[in-house]
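Here's a quick walk through a two-chain model, written for someone who likes to check things against the coordinates. Have the viewer open as you read.

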Amino acid sequence: MLLLVLGWLFLGAIGLLRPHSLRFVARGLFPAGAVIGLGVALLGTVALLAGHAPQAMVLPLGLPSLPFHVRLDALSGFFLLLMGLAGAGISIFAAGYFRSGEGTAPGLLGLHYHIFLASMALVVLADDAYFFMVAWELMALSSYFLVVSQHRLPEIRRAGFLYLLMAHLGALCLLLSFGVLQGGRWQFTFDAMRGAPLTPLWATVAFLLALLGFGAKAGLVPLHGWLPEAHPAAPSPVSAMMSGLMLKTAVYGMLRITFDLLHVQFWQWGVLVLALGLFSAIYGAIFAGVKTDMKRLLAYSSIENIGLIFTGIGLAILFDACHLPLFAALALSAALLHSLNHAFFKSLLFLATGNVLHATKRRSLGALGGLAHTMPWVATMALVGTLAIAGLPPLNGFVSEWLLLQAFLFTPQIPHAFINMLVPLGAAVLALTVALAAYVMVKFYGIIFLGQPREPALEDAHDANWLERIGLAWLALGCIAIGVLPQIALRAAGAVTGLLLGQTVNFSSQLWWVAPITAKQASYSGLLLLAGIICVVGITFVVVRGLAHGRFRRTVPWDCGYPWQTSRMQDTAEGFGQPIRHIFGTAFDMERELPSPSDSAPHYRIHVEDRLWRMAYLPIERAVQRLSDAIGVLQGGRLAIYLLYSFLTLLALLVGVL
Amino acid sequence: MPHSNHWIVPSLNLLASILLLISFAMLSRRRTQRLITLFAWQGLVLFTSTCLVAYSSGQKEMYYSAGLTLMLKVIALPWILHRLIQRLGAQWDSELLVNIPTTMLVGLVLVIFAFGLAQPISRMATTITRNTIGIALAVIFLAFLMMITRRKAVTQVIGFLAMENGLFFAATSATYGMPMVIELGIALDLLVGFFILGIFFFQIREQFDSLDLSHLEALKEE
């Protein structure tokens, strides 16, 4: 396992040998990285199959009394599987994606890219707090350099700074959380933390700090500010990695601390995580609805999906605290499955936007359209991803969202009347979110790929090259495979729930059938559904062909009173978002310029901002600014004053000695 | 103690008080040239006292360190400083941040403070020179005070060097000097630091056409 991770680092290092040779780095190193990704996925699977026999090792690295510990158990295995599979697809795509002359030299980019991959694998392998933090920071830094790879643009530098700031604040919280978790024994291995005696109060403190730290990385809503800035700033394969893979390390960390290191759970924690998750989900969906930049839209959609995953985790904590391990396992399985799904479809969509970006140089939805004709391959793959993320059967997004909803339906079993009242509300929010997500995806796909091109330059957009096609197809295949045979992924998740909760949900004994808890309540078979869809479509096709055969009459269709249509007549992205803007107006800060009726060249402009920016982030920024100004008074600029400081310090220290 | 000659301790005390006197004199001088002369005198006193301590304790190594003091602090550095201020045209220095009487009063308070501070330390020390620890501390404080109250860059460096003198004296009086290796290292550091500061002088003058440190306030970020 470690050899493979080292392999990634090694690939990054050899990229430095010829940093400016795009051919060498892109065609040679990135595909090799993809192969290593497959190896990682394979080993993750082995770890999952091994079940309760984790492999642990102490590395001869690190500080003298703090060696690095690594451990491979089912939880790490699951996330390695996720990273390996999705990472392989992204790497193959990246091999074809990077062009010369775009920001950082390819060799450096390859170095950061592979360090990023390796550090993510190390995060899930680490078995002591020290190594975990080292890997975690390595991940933050390498991804920072990837985000600012086009550092000549000021807004990208700004996004990168914001990202780095949030990452450091999150890491600080994690550091404190580990400090609490060691429980006064000053041993930082996870093994020691598992046995550390913590009072409920300190356990709660550790949990809240971990929630803050991992929440900042995952983009839970009050801490999401960096995500819609950083993801669009990065090159598309990097956006895909950050959204599909890196956010999952936060999910991993949350699970590791909550279910593995802390051995008590309180239902209040569950309610908190549930509320944050649902809020993030609905918030992300609403904002994705009004955003008109395609990558920003996907970034908000990531917030929504992370919200769904945390909703599942919250439910699992809630059930576990109420001693209902079976339902907890169900909720956790749904969260894990959704993590896996999100890694596939979100990566796929980000990569597709990369293709669109390369082909058209446009990111705003308002300038795109009709690309299905010029980029059929990308359009088909993006369609798969869009359907998956919209939660339509028989694709993978449906299964996890459906399971999550099923888990909600078991909440009446909880013995707290208060929660029983609140949770149906949560289920309603979940349903609303999923519906909104579908709406957003219709907008995303419809505006980019369907209709007529909004600009003449789009006519000669080129399709993906063959390496990119392989990457896209690999991810799309993953979406379909998990959707049709979710049992495979669910059994992998089962190994994790077995480790964390001591309980595995038996979804069904048959491979093609999924039934949470009992088949009486609900069951689903992707394979049967797919077969059904194919049959219906096939029969319809045959019937229509048979009935209509020979009776075609080519003629000018009724033009509905419009003798001609231009691309200006199509619904725009702004138009699509208008209902959402209208309904959820309180969530936004809007600036709108409406044309006057007599204007001969009417112009409509709208600018939508996140209200949390003004309400939460800016006051904090101002407070920090004031504080630093107050401290800045110390820096008078006069040498005599500075000397006086050191003199007084010296005197004070000497008096202290006395 | 090999040579517990009764005249050594009083003469050491005398030398220590001369050192303190020179420190006060430095505090009250305005001209840079006078300061350099005083600095050289300070080095000479230091050399003498080190020789005396070496003689009384019978430690051969201390003669080396005394020789080092003589070469570096009495001959080399004052000479270089003289050359430097002539090149820079900075012989005349009359700019003080605090007027001289006030500085002297503050200096008095510092000396009292230093003696109070030195009491517990001298009780622990076993050397014959333990009474002079307070004076050594006072010399350090006074040199620091000089650095604070002067505005020209050259005087700051002289203050810095005088502070090192105080430290050296403290070391000889408390523990019969530091190990030779450390002393050599410090001497080298001093020399290097001095050269770097000398280069800075020229840079500062080139930038601001003056060695007045108040110009450095312009460097502060607004």
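What follows goes from the overall fold to the cores, then to some local elements and the chain contact.

Bear in mind that this is a predicted model. Chain A has 23 helices and four strands. Its radius of gyration comes out at 26 Å, close to the 26 Å that the globule rule gives for 658 residues, so chain A is as compact as a globular protein of that length. Along the principal axes, the C-alpha atoms of chain A fill a box of roughly 105 × 65 × 55 Å. Some 51% of the 658 residues in chain A count as buried. As for contacts in chain A between residues at least 6 apart in sequence, 79% of them link residues at least 24 apart.

In soluble globular proteins, nonpolar side chains tend to be buried together. Here, the largest nonpolar core has 220 residues, and the members touching the most others are A:Phe78, A:Ala121, A:Ala331 and A:Leu348. The top contributor to this core is helix H13 (residues 325-360) of chain A, with 21 residues. A separate core of 54 residues includes B:Leu27, B:Leu35, B:Ile85 and B:Val139. Back in chain A, if you skip residues up to four places away in sequence, A:Ala121 touches A:Val5, A:Val40, A:Leu80 and A:Met83.

| Element | Residues | Buried |
|---|---|---|
| H19(A) | 486-501 | 13 of 16 residues |
| E3(A) | 588-593 | zero of six residues |

Helix H19 of chain A reaches 21 Å from its first C-alpha to its last, close to the 22 Å expected at 1.5 Å a residue. H19(A) is mostly covered, and just after this helix A:Gly502 takes a positive phi of about 70 degrees.

Strand E3 of chain A has no buried residues, so it lies largely in the open. E3(A) runs antiparallel to strand E4 (residues 605-610) of chain A, with six bridges joining them.

Finally, what does each chain bring to the contact? Chain B supplies 12 residues and chain A supplies 10 residues. On the side of chain B that touches chain A, helix H4 (100-124) and helix H5 (133-149) of chain B are the elements giving two or more residues. H5(B) gives the most, with three residues. By type, that side of chain B divides into nine nonpolar, one polar and two charged residues.

Technical notes
Residues numbered from 1 in each chain as written. Chains lettered and ligands numbered in written order. Predicted model: local features only at pLDDT ≥ 70, side-chain atom pairs only at ≥ 80, totals over all residues. Contact = placed C-beta atoms within 7 Å. Nonpolar A, V, L, I, M, F, W, Y, C, P; charged D, E, K, R; others polar. Expected span 1.5 Å × (residues − 1). Buried ≥ 20, exposed ≤ 12 C-beta atoms within 10 Å, placed from the backbone. Pairing = 2+ DSSP bridges. Rg over C-alpha atoms; globule rule 2.2 N^0.38 Å. Core = buried A, V, L, I, M, F, W, Y, C linked by C-beta atoms within 7 Å.
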